[in-house]
Amino acid sequence: MKQSSDALPQVAPAKTEGHGFIVNILSQPFTWLIALAGVVFAVFPLWGDNVQLRESLLLAAVYVTLASNLNIVLGYAGYVNFGNIVFFGLGGYVCIYLVSEWQWPLVAAALIAGVSVSLLALLFGLGILRLRGAFFALATIGVNEAIKAFVANFEPWGGAAGIYLSLDVYEPLGGPGEALWIVYFLIVAAMTASLLLSYAIKSSKFGLGLLAIGENEDAAAVLGINTPRYKALAYSISAFLPAIVGGLYFFKTGIIEPSGAFDLTRSIETIVMVMLGGIGSVTGAALGAFLYEELRGVLLTTEAFSHFQLVIAGLLLLGIVLFAPGGLMGFIYRRWPSLRRLLQ
Amino acid sequence: MIGIIASIIDGLLVGAVYGLAAMGLTLIWGVMNVINLTHGAMIVLGMFALYFLASALGLPAYGAVPVTIVVGFVFGVMVYWIAVHRVIGRAHLMSLLSTFAMNMVLVGLGTALFSTSPYNVPVAVSGITWEGYTFTGTHIMAAMLALAIAGLLYLLLHKTRIGKAIRAVADNREAAELNGIPTTQVLSFAFGLGAALACVSGTLIATLFPFTVLSGGAYELKSFVVTVLGGLGNPAGALLGGVALGLIEGVTTPFMPVSWIPIIEFLLFIAALILFPRGIFAFSRA
């Protein structure tokens with residue numbers, strides 16, 4: 001009897017952990033910084049109906065989403081996912097297919113895309129996450145290329161030509177002009193959710209487990225972390241929001257085809273963004289994605305540089321890897337250590 | 001039936017070239033545990049080297065082969081000192097990213113210089129006709145050269161001092177260093193050797209098919225498949241893996257649209273990675 005009464009107080013905190021965890025997250029200033037960033041993204045282009053700014057921020061929001069979710073696997077667990085764009089592309093295909101063939105409403109289609117791609121990722125993850133290091137990295141390229149080749153031959157999804165959306169699909173949202181604004185707000189919401197998710201995972205026991213795997217997987221396993229389950233779960237979670245954003249993004253562009261949806265270069269650019277901002281840092285991934293996207297906008301519109309976009313991105317990545325593996329946040333954390341707590 | 005046999009033989013011939021390309025990848029992995037993601041760029045370098053030597057300078061196509069080996073070697077040593085040297089022994093992430101970054105720079109430069117339009121080097125070698133099927137002369141020639149170069153690599157690795165040093169460093173770098181082997185130079189030499197193999201196989205591929213600046217990616221992926229089939233770090237296995245991939249392509253081509261072949265290759269790749277992480281032909285390490 002003595003034992004069970006002793007055990008009770010230990011069980012009690014565990015029961016309220018979920019609730020306490022949310023309260024704890026909400027009381028952190030960083031959470032409110034994320035929310036503020038989301039509001040700024042949503043409100044700024046509304047000023048004077050600035051469509052050009054909206055388009056630029058939309059791309060940035062897409063990349064912030066991709067980079068933050070990649071950071072969960074790459075930054076926390078230390079697994080190089082070269083094929084991370086496969087989630088974005090598959091999500092896009094599922095969503096566009098549901099919208100154009102089955103006349104589903106956009107939000108429902110995007111959510112189904114997120115859930116189904118997440119489940120598929122869980123399945124893949126259980127297989128390829130048995131591989132480590134370079135082998136895993138190669139397998140992720142294989143998964144992306146295999147799915148790209150499959151979709152290019154899959155007739156219901158339009159094969160190599162892809163799917164074109166007719167203008168009718170924008171009618172339920174009040175015509176194409178209105179629809180673009182709605183899609184923009186949805187993407188910004190997904191971006192904000194990605195940042196909150198990254199932060200919540202980092203602050204949780206699950207996130208600590210992932211970080212332990214990233215440090216030393218064998219030691220983590222010895223300490224009782226169920227490493228296969230943690231990794232597969234992280235891989236699956238990191239697929240959810242990119243798939244949704246993929247759906248929204250290709251709904252906006254009105255066309256999806258295999259080489260655009262499963263573009264390995266975009267995948268790698270996402271890795272560049274995470275490295276640029278600072279691997280493993282929530283702020284870093286977001287900042288890296290934003291800066292890289294703006295930098296690329298400048299390079300593409302500058303005559304002298306537009307041909308050398310890839311070269312400059314490559315040199316940038318090479319420089320970071322060789323000389324500043326901590327990225328921007330690595331520098332900031334070293335310079336102002338007190339910011340480490342505020343900017344996760 | 002003869003059609004299928006002819007298709008299989010042709011697949012084996014092309015497969016030998018794939019095997020040669022993969023040997024470059026697998027050699028670098030075996031010696032320094034680095035996946036060389038500039039592999040595709042090096043293959044493309046070989047293709048364009050042939051284009052310039054044959055079209056611009058008027059060299060005979062097969063006369064360009066020794067030159068591209070030297071070009072590839074010099075280029076590989078350069079890439080080693082720029083992108084690889086500082087990341088040796090660090091996490092895999094770093095070497096994957098640094099070689100990939102280098103690849104982006106090279107592909108970007110190539111695209112800016114040559115655009116992405118297709119190039120073609122016409123090579124005339126008379127083929128062999130058998131039962132109404134003609135085996136293209138270039139395919140036979142490429143396979144022969146690939147096997148000859150693979151043989152030379154074997155001799156280099158097993159019969160020369162530098163080859164012994166490479167194998168010693170692959171086995172245990174510290175022990176090699178303690179025995180007075182200048183391991184850093186050996187590593188850069190091995191990287192150059194791997195690059196030279198990729199480069200010369202690119203030259204051989206360019207005698208078979210048209211190519212663009214972006215062709216490297218497809219052949220790099222083929223090399224990964226081959227490497228995984230043969231076991232990472234195992235040059236002899238890579239050659240067998242290449243022939244196996246050629247065989248698979250040869251067998252499947254008559255029965256299904258060409259566009260489905262990559263799917264089979266990648267499924268095979270992932271299955272082989274998971275089921276046989278040491279390779280299907282994992283017997284001896286060179």
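How many residues does helix α13 of chain A have, and how far does it reach from its first C-alpha to its last? Before getting to that, keep in mind that what you're looking at is a predicted model. Helix α13 of chain A covers residues 264-277, so to speak a stretch of 14 residues, and reaches 20 Å from its first C-alpha to its last, close to the 20 Å expected at 1.5 Å a residue.

Now look at what surrounds that helix. α13(A) is mostly covered, with 11 of its 14 residues buried. The buried ones are A:Ser267, A:Ile268, A:Glu269, A:Thr270, A:Ile271, A:Val272, A:Met273, A:Val274, A:Met275, A:Leu276 and A:Gly277. Just after α13(A) comes A:Gly278, and there the backbone takes a positive phi of about 130°.

Carry on along chain A and you reach helix α14, residues 282-301. This one has 20 residues and reaches 29 Å from its first C-alpha to its last, close to the 28 Å expected at 1.5 Å a residue. Its buried residues include A:Val282, A:Thr283, A:Gly284, A:Leu287, A:Phe290, A:Tyr292 and A:Glu293. And what covers them?

Let's step back to chain A as a whole. Its secondary structure comes to 17 helices and 2 strands. The radius of gyration is 21 Å, close to the 20 Å that the globule rule gives for 344 residues, so chain A is as compact as a globular protein of that length. Taken along the principal axes, its C-alpha atoms fill a box of roughly 70 × 45 × 45 Å. Buried residues make up 48% of the 344 residues. If you take the contacts in chain A with a separation of 6 or more, 75% of them are accounted for by residues 24 or more positions apart.

How far can you trust the chain A model? Its mean pLDDT is 84, and 94% of its residues reach 70 or more. Confidence is highest in helix α11 (residues 227-253) of chain A, at a mean of 93, and lowest in helix α1 (residues 2-15), at 40. Over residues 1-16 of chain A, pLDDT stays under 50, and for that stretch the model has 0 contacts beyond four places in sequence.

Chain B has 11 helices and 2 strands. From the N terminus on, its elements run α-α-α-α-β-β-α-α-α-α-α-α-α. With 286 residues, a compact globule would have a radius of gyration near 19 Å, and the 18 Å of chain B agrees. The C-alpha trace of chain B spans about 60 × 45 × 35 Å along its principal axes. Of its 286 residues, 54% count as buried. Residues 24 or more positions apart account for 79% of the chain B contacts with a separation of 6 or more.

Conventions: Residues are numbered from 1 along each chain as its sequence is written. Chains are lettered from A and ligands numbered from 1 in the order in which they are written. This is a predicted model: local features need pLDDT of at least 70, side-chain atom pairs count only at pLDDT 80 or more; totals for chains, interfaces and linings use all residues. Helices (H or I, at least four residues) and strands (E, at least two) are DSSP runs, numbered from the N terminus. The expected span of a helix is 1.5 Å times one less than its number of residues. A residue is buried if 20 or more other C-beta atoms lie within 10 Å of its own, exposed if 12 or fewer, and partly exposed in between; C-beta atoms are placed from the backbone. pLDDT is the predictor's confidence in each residue, from 0 to 100. Two residues are in contact if their C-beta atoms, placed from the backbone, lie within 7 Å. The radius of gyration is taken over C-alpha atoms; the globule rule is 2.2 Å times the number of residues to the power 0.38.
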